[in-house]
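Here are my comments on the model, point by point. Please read them with the coordinates open.

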Amino acid sequence: NPRELTRLAADFGARDACWIGERLYVAAGSKGTAFYDPESSARPLGFLPPSRSAQHVACEASQVAVSNMGSTIQLFDVLPTGTPLERARTRVHRSSPTGRSRFDGTRLWVAVDAAGMGLLDLADPANPERVLPRRREFKVSY
């Protein structure tokens with residue numbers, strides 16, 4: 001039987017959430033990504049600034065990936081204490097909005113609407129490399 005452990009203050013619609021250690025990261029739309037330490041406070045400690053509107057988050061080790069409406073993925077370095085640092089911002093074509101994402105080691109799998117799945121190699125977090133989707137070739141018929 002699930003039971004409520006604590007209630008967190010949120011003046012936004014929570015869209016997705018993930019944990020790193022004791023910190024909770026919550027996609028909060030146009031406010032960005034809220035981060036909490038529920039053990040010390042019911043209020044957000046702060047917000048990771050959005051490139052547009054944070055829709056989904058994925059957490060791994062000391063990294064948070066934020067999928068934004070408008071096809072941008074932001075990568076943040078986060079530590080148990082201190083201010084999170086934006087490492088990279090990768091655009092995906094507007095016709096392929098980003099969806100949920102999940103880490104697989106140094107790779108980030110991203111649901112990309114019309115393109116299926118996207119894959120970013122984050123071995124060098126400051127310079128993410130797009131593995132999928134590759135550039136599309138369009139054929140014109142007359």
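1. In what order do the elements of the protein chain run from the N terminus on? The order is β-β-β-β-β-β-β-β-β-β-β-β. The count is 12 strands and zero helices. Keep in mind that this is a predicted model.

2. Next, burial and surface. The protein chain has 142 residues, and 42% of them count as buried.

3. Now sequence separation. Take the contacts in the protein chain between residues at least 6 apart in sequence. Of these, 34% join residues at least 24 apart.

4. The largest nonpolar core holds 13 residues. Tyr25 and Val64 touch the most other members. S5 gives the most, with three residues. In soluble globular proteins, nonpolar side chains tend to be buried together.

5. Which residues is Val64 in contact with, leaving aside its neighbours within four places in sequence? The list is Ile20, Tyr25, Leu48, Ala58, Cys59, Gln74, Leu75, Phe76 and Val78. Contact here means heavy atoms within 4.5 Å.

6. There is also a second, separate core of 11 residues. Among its members are Ala58, Ala65, Leu75 and Val112. Ala58 and Leu75 are also in contact with Val64, and Val64 belongs to the largest nonpolar core. Membership of a core is set by side-chain atoms within 4.5 Å, whereas contact counts heavy atoms.

Conventions: Residues are numbered from 1 along each chain as its sequence is written. This is a predicted model: local features need pLDDT of at least 70, side-chain atom pairs count only at pLDDT 80 or more; totals for chains, interfaces and linings use all residues. Side-chain values use heavy atoms; hydrogens and water are left out. Helices (H or I, at least four residues) and strands (E, at least two) are DSSP runs, numbered from the N terminus. Buried means under 20% relative accessible area, exposed over 50%, partly exposed in between (1.4 Å probe, protein chains only).
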